[in-house]
Amino acid sequence: MHRRLSSSSVVVGVVAVSLGFAPPVPVPDHTVRGLRAPVVVHTDLDAFSDAQLDRDLQDELDDVFEDHAPDEVADVATIQADLLEALSDDGDVGAEAEISLADLRAEMEEAGTSIEEVVHDALVRLDRAAVDRPTVHLAVWRNPRGRDHRPSYGLAVRDAKRGLIREIRRAR
């Protein structure tokens with residue numbers, strides 16, 4: 001049975017909405033055979049300021065430094081697994097809870113990519129840049145710095161964060 005609203009209730013509703021006193025809009029009941037499915041509301045990361053997005057992603061990625069020093073080096077696959085674990089929602093409290101993994105996945109999907117692809121691309125570029133360019137002097141190869149040619153966790157966090165922010169902004 002359909003019931004028509006009176007014109008006075010429509011006017012009261014319009015006035016209440018315009019003054020900001022509208023009652024909460026009921027969430028549709030998503031039921032499947034009597035089971036209620038949770039309604040997931042994503043935070044639109046596009047609405048975050050650059051500073052807030054930078055800070056919140058840094059809060060998420062800083063979990064890596066609980067187990068690794070910023071100057072510690074590792075191969076791309078190991079660092080990628082550690083960064084993806086840091087971006088997960090496991091153990092998030094306080095400021096870390098402002099961005100969820102679901103929020104990031106939604107933004108990456110909107111940009112036509114995935115978190116895994118963005119992090120991997122950032123690490124591959126960093127890995128390529130970490131290789132010293134040998135020099136030739138009188139037919140002798142030299143590596144003047146003699147350093148390990150793998151990316152560090154500190155640089156990996158920086159570049160992964162930059163890649164994620166770039167993709168979030170691209171999705172605008």
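This is a predicted model: local features need pLDDT of at least 70, side-chain atom pairs count only at pLDDT 80 or more; totals for chains, interfaces and linings use all residues.

Where do arginine 170 and glutamate 167 lie, and how many residues apart are they? Both are in helix α6, three residues apart, which is about one turn of the helix.

Residues are numbered from 1 along each chain as its sequence is written, and side-chain values use heavy atoms, with hydrogens and water left out.

The overall picture comes before the details. In sequence order the pattern reads α-β-β-α-α-α-α-β-β-α. Of the 172 residues in the chain, 30% are buried. Buried here means under 20% relative accessible area, exposed means over 50%, and partly exposed is in between, with a 1.4 Å probe and protein chains only. Among contacts (heavy atoms within 4.5 Å) with a separation of 6 or more, 73% are between residues 24 or more positions apart.

Now the salt bridges. The term stands for a side-chain nitrogen of Lys or Arg within 4 Å of a carboxyl oxygen of Asp or Glu. By this rule there are five, and I will go through some of them.

One joins the side chains of lysine 161 and aspartate 54, at 3.1 Å from N to O. Lysine 161 is in helix α6, residues 153-170, and aspartate 54 is in helix α2, so the pair ties together parts that are 107 residues apart in sequence. Lysine 161 is buried, at 10% relative accessible area, whereas aspartate 54 is partly exposed at 32%.

Another is between the side chains of arginine 105 and glutamate 116, also with an N to O distance of 3.1 Å. Arginine 105 sits in helix α4 (residues 101-110) and glutamate 116 in helix α5 (residues 115-130), eleven residues apart. Arginine 105 is partly exposed at 39%, and glutamate 116 is partly exposed at 29%.

That brings us back to the opening pair. Arginine 170 forms a salt bridge with glutamate 167, and their closest N and O atoms are 3.6 Å apart. Are the two buried or exposed? Arginine 170 is exposed, with a relative accessible area of 53%, while glutamate 167 counts as buried at 10%.

Staying in helix α6, look at arginine 169. Arginine 169 is buried, at 17%. Its side chain makes a polar contact of 2.8 Å with the side chain of aspartate 50. A polar contact is a pair of N or O atoms within 3.5 Å; within protein, one must be able to donate a hydrogen and the other to accept it, and residues adjacent in sequence count only if both atoms are side-chain atoms. Leaving out residues up to four places away in sequence, arginine 169 touches Leu45, Asp46, Phe48, Ser49, Asp50 and Leu53.

Next is serine 152, in the loop between β4 (140-142) and α6. Serine 152 is buried, with 12% relative accessible area. Its side chain reaches the backbone nitrogen of leucine 155 at 3.3 Å. Which residue is 81 residues from serine 152 in sequence and 5.3 Å away in space, C-alpha to C-alpha? That is aspartate 71. Beyond neighbours within four places in sequence, the contacts of serine 152 include Pro70, Asp71, Glu72 and Val73.

Glutamate 72 turns up again with histidine 68: their side chains make a polar contact at 3.1 Å. Histidine 68 is in the loop between α2 (50-61) and α3 (76-87), and counts as buried at 17% relative accessibility.

To finish, the largest pocket. Its lining includes His68 and Asp82, together with others such as Asp63, Glu66 and Ser88. A pocket here is an open set of points on a 1 Å grid over the protein atoms alone where a 1.4 Å probe fits, with protein on both sides within 12 Å along at least five of seven lines; lining residues have an atom within 4 Å of a point. The lining divides into two nonpolar, two polar and six charged residues. Asp, Glu, Lys and Arg count as charged, Ala, Val, Leu, Ile, Met, Phe, Trp, Tyr, Cys and Pro as nonpolar, and the others, Gly among them, as polar.

Conventions
Helices (H or I, at least four residues) and strands (E, at least two) are DSSP runs, numbered from the N terminus.
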